[in-house]
Amino acid sequence: MAVLTEEQTLIKDQASAWVIDKAPVSSFRALRDLNPGKAFLPATWQQMVDMGWSGILVPEQYGGSDLGYLTCGLILEQLGRQLTASPLFSSSLVGASALMLAGNTAQHEALLPGIVDGSAIVSLALDESSRHQPEHTALQAEQTDDGYNLNGKKTFVAEGMAATHYVLAARTSGKPGDAQGISLFLVPADTDGIERIALPTIDSRDYATLCFTNVHVNSTALLGSPGDSMSVLEDILDRARIGIAAEMLGTACQAFDMTLDYLKTRQQFGAVIGSFQALGHRAAAMYSLMEQSRSCVEAALQAVDASADNVPELASLAKCQVGKFLFEMSNELIQIHGGIGMTDDFDAGLYLKRARVLESSFGNRAYHRNRYATLMGF
Amino acid sequence: MAGDFESSVRDWVAANLPEALAGARIDMYGVVSGDQAVKDAFDLWRQRLAAQGWGAPTWPREYGGADLTDAQAKVVSRAIAKAGSMNPIPYLAGMGVTMVGPTLLEYGTEVQKARHLPGMASGAVRWCLGLSEPNAGSDLASLNTRAELDGEEWLLNGQKTWTSGADKSQWCGALVRTDRTVAKRNGISFLMLEMDQPGIDTRPISLIAGESPFCETFFTNAKARKDDLLGELNDGWSVIKRLLQHERQSQTNAPATSTTAEPLQDAAKRYLGTNADGTLTDSDLRSRLADHLMDTAAHELTIARIMTDARGGNVEVSATASILKNSATDVAQGHSELMLEIMGNQGLGWEAGEYSEEEARTVRQWLGGKAMSIYGGSYEVQKNIISKNILGLPETTQKG
């Protein structure tokens, strides 16, 4: 662990106890089985709001506590451990970051208090294809006398069905692939012309495809200045990548703990299977990946809080390293548990399915390896 | 006062460092390369340092030292380094100044100290250490070389290996078995003996990276004086434990390896070239290079995290640190393999000439680096340590 302040330690311990008590993986399983298509349990979300988690990144003047990304990451890690479903990442981290980095005072006043009290769920709508390619944004924003007409499609939008607002990346000029010409809009989800279609993803969370057909928005919907929002979008995305890396770390750490526990209890051939060197060495390799992933995630969270210059490098590093750990660990979770790991009654499958969705979110390892190389100048 | 000492040291170095030594290269044995004038200047420099007691500056004057504190000794070595030279005596003395000497100061008799220490402190006598044996590596206490008392002499028989500098040394400190009837650690003694005698044969060990300082050393009725037993009879294990502490101490003080090496990505661009958009022409190598650089960053961030945690009094430090030996090995060996691949056919040269000095050196480093996953607890031993001591998995069974 990074050296935490007293307050951070308190919040981390509180989050750890709360998820196990109030939002364990069994409650996610119940949500999946009893309320298909439901993003999260409103009562659970309300408890998180009541504990102040939804306002951790928001300035105090809007009702938040402004405790920073490391603190937020500590909570996301605990949620990741139990696969707790909530809009905390999508709205309280990504949505709030987008508003704070790109929005004006009027937009702050209009929505940040809602993010804090849980009444607003603000989600980023970015991807348009099966790949994360921010500069390939094609959704058309055509200027009119009093605003813009939006036409096109967004997909893989997290909390897409539950969101009250979208932060939308659209193209006001140029062609897909150009960094120039990308603009951000803040659009209410119930705006005329937006059709939302739920995606039945393997992790049973709320993802949606959004179709925009002649959606008219006023100029006041612009988040930042038109046409040159690529760099602020990258800043928002880096915070999202680092935040989701914290959640992924928690998911992978829990998979590690489950596997280690099984290695110590499962008996075969007259011995505990953890006494077999082939398995002990694999556990050691996973432990090493876990420690190195934690180093990267914590360094990245701290870099955001310190407004360091190397946030982009650390974002790709963290997403990539923890991505490797989660990929390997989710596979080992199934393999080492053997047949029981293949059954739906056991939780391993829930972790594996969630792992692949997280890997694909905000750029997979191939994306970030390429980006890291570019950032390092080769 | 400290400032006075520092300036007096600086003045002495300025007045006594021979000009002919400027820019001379001194190797790991403390041997200078150059013409006779350089060699003469070098010997003069050694004698002047020895006369000052600065070959082993913290030792008592009566044994060739200068009675300096550790801090003062650092001032001396810094002043010499600043003047662009080095103190060759610790290198000329082999294992003498750094390991055998400090142990002698603690365990030796007056006669032994007076007999052996001045030769070390002046750099006149080079020492080696006979510790490891073919069947006693990590498990040193299993050693088999035996010594039996024959009148006023010990007779030694057996084989040592990895004896660094044995073929160049005048004296040897050897760990030998003097009692076979007791538990293995309780029957070991530490003897000092001359290397130039009929009973000793040394054979240099060539490594895959070429020449090495290591030798095999054979004892066939080799002789040691009865009073050259260091410490009590059969208490050699205490002596060696202390001596190995001095070894670790000297390694900790060793200068860090060069950090000025060209970054891999720069070397890759130089050898392979880039596309119009600045990316490496070999896209496969490019992604593996990015992977390696990220693994390296993760390793370095883990070291930084452990250091921060240690300051915060975190008890989980040693658990995290247990992964570092293997991750350091992965990073170093991965670096060498990538560098070799980057150099392509230019990374296959054994000697400089048709290949550049740098290319040949890189190849030797790649070969030498294979030792990293073997020494100090092999890669596999490290994984055993993690799985048992850190993760609490049970002792290995043979099944499965």
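Colleague: How many of the residues of helix 4 of chain A are buried?
Modeller: This is a predicted model. A residue counts as buried if 20 or more other C-beta atoms lie within 10 Å of its own. By that criterion helix 4 of chain A is mostly covered, and the buried residues number 13 of its 13.

Colleague: What span should the 13 residues of helix 4 of chain A have, and how far apart are its end C-alpha atoms?
Modeller: Helix 4 of chain A runs over residues 69-81.

Colleague: Which residue with a positive phi follows helix 4 of chain A?
Modeller: The phi in question is near 55°. The residue that follows helix 4 of chain A with this value is A:Leu83.

Colleague: Why are helix 7 and helix 11 of chain A described as roughly antiparallel to each other?
Modeller: Helix 7 covers residues 230-265 of chain A and helix 11 covers residues 348-360, and their axes are 11 Å apart. Angles over 145 degrees count as roughly antiparallel. The description therefore follows from the packing angle of helix 7 and helix 11 of chain A, which is about 155°.

Colleague: Is the crossing of helix 7 and helix 11 of chain A left-handed or right-handed?
Modeller: On the helix 7 side of chain A, the residues that meet helix 11 are A:Ile244, A:Glu247, A:Met248, A:Thr251 and A:Ala255. Their partners in helix 11 of chain A are A:Tyr351, A:Arg354, A:Ala355 and A:Leu358. By class this contact has 6 nonpolar, 1 polar and 2 charged residues. The crossing of the two helices is left-handed.

Colleague: Which helix of chain B gives the most residues to the side that touches chain A?
Modeller: In the contact between the chains, 38 residues of chain B face 36 residues of chain A. The elements of chain B that give two or more residues are helix 8 (264-272), helix 9 (283-311), helix 11 (324-343) and helix 13 (379-390). The side of chain B that touches chain A divides into 15 nonpolar, 15 polar and 8 charged residues. The most, 15 residues, come from helix 9 of chain B.

Colleague: What share of the contacts in chain B with a separation of 6 or more joins residues 24 or more positions apart?
Modeller: Chain B has 13 helices and 10 strands. Its C-alpha trace spans about 80 × 65 × 50 Å along the principal axes, and 33% of its 400 residues count as buried. Among contacts in chain B with a separation of 6 or more, the share from residues 24 or more positions apart is 65%.

Note on methods
Residues are numbered from 1 along each chain as its sequence is written. Chains are lettered from A and ligands numbered from 1 in the order in which they are written. This is a predicted model: local features need pLDDT of at least 70, side-chain atom pairs count only at pLDDT 80 or more; totals for chains, interfaces and linings use all residues. Helices (H or I, at least four residues) and strands (E, at least two) are DSSP runs, numbered from the N terminus. A residue is buried if 20 or more other C-beta atoms lie within 10 Å of its own, exposed if 12 or fewer, and partly exposed in between; C-beta atoms are placed from the backbone. Two residues are in contact if their C-beta atoms, placed from the backbone, lie within 7 Å. Axes are lines fitted to C-alpha atoms, for helices over the stretch in contact, and angles run from 0 to 180 degrees between N-to-C directions. Angles under 35 degrees count as roughly parallel, over 145 as roughly antiparallel, 65 to 115 as roughly perpendicular and the rest as oblique. A crossing is left-handed if the near helix is turned anticlockwise from the far one by less than a right angle, and right-handed if clockwise. Ala, Val, Leu, Ile, Met, Phe, Trp, Tyr, Cys and Pro count as nonpolar, Asp, Glu, Lys and Arg as charged, and the others, Gly among them, as polar. The expected span of a helix is 1.5 Å times one less than its number of residues.
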